[in-house]
Amino acid sequence: MVRFILRSFISIAIICSITPAWALKQAPSGWVQDDTPRTRMAKADSAPGQAKHLLLQGGIEHSSLLPSLPSNLITGATLDEKLLNAPPSLEDWYWIPEWLAGDWHRDEETVVSSHNYETGEDNNTPHTMAASERAEFGVQRDKLGGIWHTRLATAGVADCGSYLSVALMQSQEAQTVSKSNVVIKDQFTELHVNPDTKVIVWSAQAESITKYERQDGGTIKATTSIKFFDEQGQPTIEQLNESVIKQTKPFAATDTYKGRDLKELFKQFLISHNETDRIP
């Protein structure tokens, strides 16, 4: 098994296996955060969903269906490698609580339960697997001391020998935030690509909802409900994962990224949202 971790404020975990990743465990643990001032910044989205036995507490549900993938991302299409270098928008910034800021790492993850939409079968036997993953939270600190985050990573690639496994981020949205927990929803596309011809040999979509809870001792519990969909947007597998992540480095501001002036972009974001008193 080969695992690739993209270290750019979001962790994209890609698994190489002889079976589709959704049949095992994908868990991108896509991370976007939002918090106060909620009256100006918070976003609310609660799409209809199914498989409520896997629903995270708080009433946030998965989408029941997703749109079909565009023709350039389905089986048989040739991958446009420009997608791998697509720049982040850097337009949406999110306030995050102090306890979430910094560098984080986890060594393992437990699949608690799963539901197969195609067969109707449930599997409630937990199993734990190695999952060496890391991520960074927080990009800039405002004048009032608040820490803000924006998603930088957009894609990840793993060389799985007979194929390349590609993850393309589609969207991320903060769902709820409090002083003790943060809930994030994100969607992505996974592709298996012929390394020689760059032809897509398999593709799927996924939507994850991750709840991060502050715990004693400086650790964070991450609970992820992840739902997979086929090329047409029909659900296939849903599973619930749990892990504990530990901080490896405290927060440090990042001022530039791939030639982009993050400090200036953050300033412009605050101005556009009438938060000039927060400009550092």
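Reader: Which residues have the most contacts inside the largest nonpolar core?

Author: A nonpolar core is a set of buried Ala, Val, Leu, Ile, Met, Phe, Trp, Tyr and Cys residues joined through side-chain atoms within 4.5 Å; buried means under 20% relative accessible area, exposed over 50%, partly exposed in between, with a 1.4 Å probe and protein chains only. The largest such core has 15 residues, and the most contacts inside it belong to W99, L100, V182, Y212 and I220.

Reader: What are the conventions?

Author: This is a predicted model, in which local features need pLDDT of at least 70 and side-chain atom pairs count only at pLDDT 80 or more, while totals for chains, interfaces and linings use all residues. Residues are numbered from 1 along each chain as its sequence is written, and side-chain values use heavy atoms, with hydrogens and water left out.

Reader: How many aromatic pairs does a search of the whole structure find?

Author: Rings of Phe, Tyr and Trp (its six-membered ring) pair if their centres lie within 6.5 Å; planes under 30 degrees apart count as stacked, over 60 as edge-to-face and the rest as tilted. On that basis the number of aromatic pairs is four.

Reader: What is the angle between the planes of F137 and Y212?

Author: Both residues, F137 and Y212, are buried. Their rings lie 5.9 Å apart centre to centre in an edge-to-face pair, and the angle between the planes is 75°.

Reader: Which residues form one aromatic cluster?

Author: W148 and F266 make a tilted pair, 5.9 Å centre to centre with 50° between the planes. The one cluster is formed by W93, W148, F266 and F269.
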